[in-house]
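The following note sets out points for a colleague to check against the coordinates. Please read it with the structure open.

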Amino acid sequence: MPGPEAGKRIEIQSYKHNGHLHRVWESTTILKGTRHVIIGANDRTTVTESDGRRWVTREPAICYFHSKYWFNVIGMIRTDGVYYYCNISSPFIYEDGTIKYIDYDLDVKVFPDMTYKILDEDEYEVHKRRMNYPHVLDRILYNNVDILLRWIRQRKGPFSPEFIDQWYERYLTYR
């Protein structure tokens, strides 16, 4: 199944392991869409939390999803540099005009100097017990944390110096 076409605006939905909707990003513009990779961008898009609370993103962001890896990456363009927020998650699926994935709580925040911090390990442990994550899933997720950290250190994929700039320039052509 092909991915979404460039220029199309789509919704992003994250779920929890138990199937409950976690968070929805209202509008993201597709910059590249294939079966394996989706790159999108948004700026001041409305986000709705599972409890109904709504907020609006503060800055332009480039979103990177891959069908093979258990993480996605959001590069947020701020005045003092690019900050990355990486969700440890299931690989994405694209159906009914929507990107969908399962959020597994673990996150990695990357600063403009490429230092990083692993977040929400306590939340992950609580949900792992509460939702009964299988041992094999735990291994897959931590293996993908290792892959993600390697990408960060090697400046690979969305962490390469030109990635965010190039895709942001493309995004500006759709605005």
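1. Tyr101 has a relative accessible area of 4% and is therefore buried. The coordinates belong to a predicted model. Phe65, also at 4% relative accessibility, counts as buried.

2. Phe71 is in strand E7 and Trp151 in helix H2, so the parts tied together here are 80 residues apart in sequence. Both Phe71 and Trp151 are buried. Phe71 and Trp151 also belong to a cluster, linked by ring pairs, with Tyr64, Tyr69, Phe163 and Trp167.

3. Which residues of helix H3 (residues 163-172) are buried? They are Phe163, Ile164, Trp167, Tyr168 and Tyr171. These residues lie on the same side of H3, because the arc they cover around the axis is only 115°. On the face turned away from that buried side, H3 carries the exposed residues Asp165, Gln166 and Glu169. The cover over the buried residues of H3 includes strand E2, strand E3 (37-42), strand E6 (61-66), strand E7 (71-78) and strand E8 (81-89).

4. The largest nonpolar core comprises 36 residues, of which Ile62, Tyr84, Leu148 and Phe159 touch the most other members. Two or more residues come from each of E3, E6, E7, E8, strand E10 (98-110), helix H2 (135-154) and H3. The largest share is that of H2, which gives 8 residues to this core. Apart from this core lies another, of 16 residues, among them Ile12, Ile30, Val47 and Tyr101.

5. Beyond residues up to four places away in sequence, Tyr84 touches Val73, Ile74, Gly75, Met76, Val108, Lys109, Val110, Met114, Pro158, Phe159 and Ile164. Elsewhere, the charged end of Arg78 sits over the ring of Tyr83, at 4.7 Å from the ring centre.

6. The annotated position should be read with its source in mind. In an unreviewed entry, UniProt lists Arg23 under "active site". Arg23 is part of strand E2 (residues 21-33). Is Arg23 buried or partly exposed? With a relative accessibility of 21%, Arg23 counts as partly exposed, given that buried means under 20%. Leaving aside neighbours within four places in sequence, Arg23 is in contact with Ile12, Gln13, Ser14, Val47, Thr48 and Glu49.

7. Glu49, one of the contacts of Arg23, is located in strand E4 (residues 46-49). Its relative accessibility is 11%, so Glu49 counts as buried. Besides Arg23, Glu49 touches His22 and Trp55, when residues up to four places away in sequence are not counted.

8. The UniProt record, again an unreviewed entry, lists residues 18-156 as "domain: DUF402". Over residues 18-156 the chain is 50% strand and 22% helix, and the C-alpha atoms at the ends are 32 Å apart.

How values were computed:
Residues numbered from 1 in each chain as written. Predicted model: local features only at pLDDT ≥ 70, side-chain atom pairs only at ≥ 80, totals over all residues. Heavy atoms only, no water. UniProt positions renumbered as here; feature names shortened; annotations may be inferred. Helix = DSSP H or I, 4+ residues; strand = E, 2+ residues; numbered from the N terminus. Buried < 20%, exposed > 50% of the residue type's maximum accessible area, 1.4 Å probe, protein only. Contact = heavy atoms within 4.5 Å. Arc of directions from axis to C-beta. Core = buried A, V, L, I, M, F, W, Y, C linked by side-chain atoms within 4.5 Å. Phe/Tyr/Trp six-rings, centres within 6.5 Å; stacked < 30°, edge-to-face > 60°. Lys NZ or Arg CZ within 6 Å of the ring centre and 35° of its normal.
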